[in-house]
Amino acid sequence: MAQTTPETTLANGLAMPLIGLGVYRSSPEETVTAVSAALATGYRLIDTAAAYRNEAEVGKALRQSTVGRNEVFLVTKLWISDYGYDEALHGFDRSMKKLGVDGVDLYLMHQPMPNEWERTVAAWKAVGRLYEEGRTKAIGVSNFSSELLTDLIERTGIVPHVNQVELHPFFTQPDLRATHQKLGIATQAWSPIGGVMRYVTDNPDAAPSPLSHPVVTGLAAKHGKTAAQVILRWHLQHGFCAIPKSVNPKRIAENFAVFDFALTDAEMASIDALDTGVRSGPNPADIDTRKYPLRIED
Ligand SMILES: NC(=O)c1ccc[n+]([C@@H]2O[C@H](COP(=O)([O-])OP(=O)(O)OC[C@H]3O[C@@H](n4cnc5c(N)ncnc54)[C@H](OP(=O)(O)O)[C@@H]3O)[C@@H](O)[C@H]2O)c1
């Protein structure tokens, strides 16, 4: 029998698995294989986005699986070219069509756009409507700072259930996490094992991968686990929802085999202490449709 994933409970009472599969930079062909392998392994959360251009393949793998749609926590995201009220509603419909589903479990706004804030706020109001209409069971944002979260909520009265942000041992976002706690927002960690450091080079100060840090490799040797498993266990014990990406069935299974050991408080603290305060991904304050001109095709 497949292992059950530990879950967190969102502010609206919805249970969200704490480990899921991410499919950013997974090609369409790889996506079908990866999602199929993940579901067979026991994963019950899949994280995609309109901008990943593989929603159709995620949907295909879900339909091919013996795991029922209602057993899978499906996450997708609205891309910035679809911000604005009517545009967001259209973007959601387009994603549902590509995925081949009526609704999702969590719908996220992919990025804040401080330079196009009115469109961002309008899109969030549309996402709130989708939630009211029951087309998504929970709603959230991604890459929002404390300040932008506060302003978004003040402007709309709609509190996100989730904020999906860069979070790994080298960038642990303690201040943002405190804001999440205060507002009742669940923390979802992208690049949970530091994958962003391999593909983004726009920050020369970014540290090398946490997978090769001696604290992590030392704990891996001590527990008879891999570095990735130690880091994912650290996420789990913090209560973060981690969505590691892999297209390799062996690593997909490895990343899920994290429920049979525990880190001590001192071990958790030793990983917490690796924080550099330096993000590797793009600064969310800089994102707008001019710098990121990608448009999503119907
Ligand atoms: N909201 C956002 O703005 C945002 C931004 C980035 C990512 N995300 C989401 O977060 C997910 C994960 O983030 P990410 O892909 O940036 O980084 P990640 O999951 O931390 O790392 C993925 C990288 O690590 C490799 N890998 C996977 N498992 C491994 C293991 N056990 N040992 C060694 N290497 C391993 C993968 O290669 P293989 O595939 O070859 O195994 C891939 O190169 C994405 O897929 C996406 O769903 C969201």
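Tutor: Let's start with a term: a residue is buried if 20 or more other C-beta atoms lie within 10 Å of its own, exposed if 12 or fewer, and partly exposed in between, with C-beta atoms placed from the backbone. What we have here is a predicted model, in which local features need pLDDT of at least 70 and side-chain atom pairs count only at pLDDT 80 or more, while totals for chains, interfaces and linings use all residues. Residues are numbered from 1 along each chain as its sequence is written.

Student: OK, what makes strand E7 largely enclosed by the rest of the structure?

Tutor: E7 covers residues 136–142, and six of its seven residues are buried, so the strand is largely enclosed. The label itself is from DSSP: helices (H or I, at least four residues) and strands (E, at least two) are DSSP runs, numbered from the N terminus.

Student: How do you know which strands E7 pairs with?

Tutor: Two strands pair if DSSP finds at least two bridges between them. E6 and E7 share five bridges, and E7 and E8 share three, so both pairs qualify. Both run in the parallel sense. To find them on your screen, look for Val104, whose bridge partner in E7 is Thr136, and for Val141, which stands opposite Asn163 in E8.

Student: And why is the link from E7 to E8 called a right-handed crossover?

Tutor: The rule is to look with the strands pointing away from you: the crossover is right-handed if the path from the first strand over the helix to the second runs clockwise. From E7 the chain passes through helix H5 (residues 146–156) to E8, and this β-α-β crossover comes out right-handed. The next unit, made of E8, helix H6 (residues 174–183) and E9, is right-handed too.

Student: What makes E9 mostly covered?

Tutor: Strand E9 is residues 186–190, and five of its five residues are buried. In a regular strand the side chains alternate between the two faces of the sheet. Here Ala186, Gln188 and Trp190 point one way, Thr187 and Ala189 point the other way, and all are buried.

Student: What joins E9 to its neighbours?

Tutor: On one side, five bridges join E9 to E8 (residues 162–166), running parallel. Among the opposing residues there, Val162 stands opposite Ala186 and Asn163 opposite Thr187.

Student: Why are E3 and E10 called edge strands?

Tutor: Eight strands form an open sheet in the order E3-E4-E5-E6-E7-E8-E9-E10, with parallel pairing. Strand E3 (21–22) and E10 each have a single partner strand, so one side of each has no neighbour in the sheet.

Student: Now the loops. What makes the phi of Arg53 stand out?

Tutor: Phi of Arg53 is near 55°, a positive value in a residue other than glycine. You'll find Arg53 in the loop between strand E4 (45–47) and helix H2 (55–64). Gln173, in the loop between E8 and H6, also has a positive phi, about 50°, without being a glycine.

Student: How far apart are Glu297 and Arg53?

Tutor: In sequence they are 244 residues apart, but in space it is 9.3 Å, C-alpha to C-alpha.

Student: Last one: what makes up the shell around the ligand?

Tutor: A residue is near a molecule if its C-beta atom, placed from the backbone, lies within 6 Å of it. There are 28 residues around the ligand, and Gly22, Gly195, Ala228, Lys245 and Ser246 come nearest. Helix H7 (196–199) and helix H10 (249–256) are the elements that give two or more residues to this shell, and H10 gives the most, with three. By class, the shell has eleven nonpolar, twelve polar and five charged residues. For those classes, Ala, Val, Leu, Ile, Met, Phe, Trp, Tyr, Cys and Pro count as nonpolar, Asp, Glu, Lys and Arg as charged, and the others, Gly among them, as polar.
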